[in-house]
Amino acid sequence: MCSGARAAPRSTACRIAWRPGRRSTSATTGAFPSGELVQASNGKLYGMNRAGGASGGGVIFEFDLSGFVFTKKIDLVNNTTIGGAPFGSMIQASNGKFYGLTSNGGIAGGGVLYEYDVSGNAYTKKVDLNGALNGSQPNGSLVYASNNKLYGMTLAGGANNVGTIFEYNKSNLTFTKLFDMATASGSSPYGALVEAPNGKLYGMTNSGGVNGVGVIFEYDINGTYTKKIDLTSANGCNPFGSLVLGSNGKFYGLTRAGGSSNLGVIFEYDYVNNLYTKKVDFNNSNGSNPNGSMVLASNGKLYGVTQLGGGSFIGVLFEYDFVNNVYTKKVDFAATSGSQPYGSLVQAANGKLYGLTRLGGANNVGVVFEYDIVNNTYTKTIDLSTSNGSLPQGSLVKAANNKLYG
């Protein structure tokens, strides 16, 4: 029986009850940032806090790089007309407007799909997520597919109350529930869908399938859902992040549990030949229980972080050379330099990787760090604090001015 992943609704195996710490909210700025910042075409950054604000339901905010000015734009509310507690990241479509999801509020309390117009600071609820009708409680981001439509998943709701896949056509304002998740075919998806070069969408579920511990699936936007792989405790289970496409045309991903030590794995998925291969077993020495996804760096290798494991059992930064199938632990996190990293790394224009830890540092509320992949050097760049921000969840983003924001 596995343990080690954050518990998903209705999952009965291979799971770990873990949730980040809570802190007081702020009516001025909001609290508990969700997902990643996104740079709009106007050059400003936009993001969401899933709590705080005037009504406690979170906020949408703007950050102006030119003057380093933070502005709360919209107070979200856990009521029927607006929606609250947003999860994931917003995405800007070709019409210049942002689209996003909340996990609470709306007519049925299961969240909404909304549109945010930057130019007019106008928030519009577009769709109520109505539980059994079309899904509820989304916990990931939308993806903007090559057919100019938006696709997403919900964690719950649908005919079987274990999630749905949906499509939103912004051109004619049409929301369509495409598929009802089920225990047999995969249930309770986290993360986001990813579009492959074949035009199909691929994703993972946290539970369900033959073994009850998740699946990898394919969704043809013409209307066909296909369970491709049943995950197992031996080969990795309960994934939380998203797949990443390597330069060899294969997907790579992380599971938070399963494998030989039940602490997660790195896997490869060849969608052309439908072949799943466990590549690396995490353990207490080389890292364990990863959250987030890996990033493909300019040297052609994948980099990621684990939340636990390593020399101090508070996480590692690792490199995975998928061409030669070589895993290398590069950094053991430490209490003074940052601990328990959460989210994904980002590569800046200088070729270095940057990330966040949730704890550790001078104030034990997290740090911003830099990793030089050429010289194999780790540098703590910022100690977070209760005054400048603490307990980050998510990833940094590189803006047009080559600076990083988070």
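1. Two strands count as paired if DSSP finds at least two bridges between them, and the strands themselves are DSSP runs of E with at least two residues, just as helices are runs of H or I with at least four residues, numbered from the N terminus. With that in mind, strands E9 and E10 form a hairpin with 5 residues between them, and asparagine 148 in the turn has a positive phi of about 65°.

2. On provenance, this is a predicted model, in which local features need pLDDT of at least 70 and side-chain atom pairs count only at pLDDT 80 or more, while totals for chains, interfaces and linings use all residues. Residues are numbered from 1 along each chain as its sequence is written, and side-chain values use heavy atoms, with hydrogens and water left out.

3. The protein chain has 31 strands and 0 helices. Of its 406 residues, 58% count as buried, where buried means under 20% relative accessible area, exposed over 50%, and partly exposed in between (1.4 Å probe, protein chains only). Taking contact to mean heavy atoms within 4.5 Å, 41% of the contacts between residues at least 6 apart in sequence join residues at least 24 apart.

4. Strand E10 (residues 150-154) is mostly covered, since 5 of its 5 residues are buried. In a regular strand the side chains alternate between the two faces of the sheet. In E10, Leu150, Gly152 and Thr154 point one way, and Tyr151 and Met153 point the other way.

5. An open sheet of 4 strands has the order E13-E14-E15-E16, with antiparallel pairing. Strand E13 (194-195) and strand E16 (224-230) each have a single partner strand and stand at the edges, so one side of each is left without a neighbour in the sheet. Within this sheet, strand E14 (residues 201-204) pairs with strand E15 (residues 215-220) over 4 bridges, and glycine 203 stands opposite phenylalanine 217.

6. Strand E19 (residues 265-270) pairs with E20 over 6 bridges, and phenylalanine 267 has lysine 278 in E20 as its bridge partner.

7. Which residues line the largest cavity? They are Met204, Gly241, Ser242, Val244, Tyr252, Gly253, Leu254, Gly292, Ser293 and Met294. A cavity is a set of points, on a 1 Å grid over the protein atoms alone, where a 1.4 Å probe fits but cannot get out, and lining residues have an atom within 4 Å of a point. The search of the whole structure finds 1 cavity of 30 Å³ or more, and about 40 Å³ of space lies in the largest cavity. Strand E18 (residues 251-255) gives the most to this lining, with 3 residues.

8. Serine 293 deserves a separate look: it lies in the loop between strand E20 (275-281) and strand E21 (295-296), and it counts as buried because its relative accessibility is 18%. Its side chain reaches the backbone nitrogen of serine 242 at 3.0 Å. Leaving aside neighbours within four places in sequence, serine 293 is in contact with Gly241, Ser242, Leu254 and Ser344.

Note on methods: A polar contact is a pair of N or O atoms within 3.5 Å; within protein, one must be able to donate a hydrogen and the other to accept it, and residues adjacent in sequence count only if both atoms are side-chain atoms. On a 1 Å grid over the protein atoms alone, a cavity is a set of points where a 1.4 Å probe fits but cannot get out, and a pocket is an open set with protein on both sides within 12 Å along at least five of seven lines; lining residues have an atom within 4 Å of a point. Grid points are joined across faces, edges and corners, and a volume is the space filled by probe spheres set on the points.
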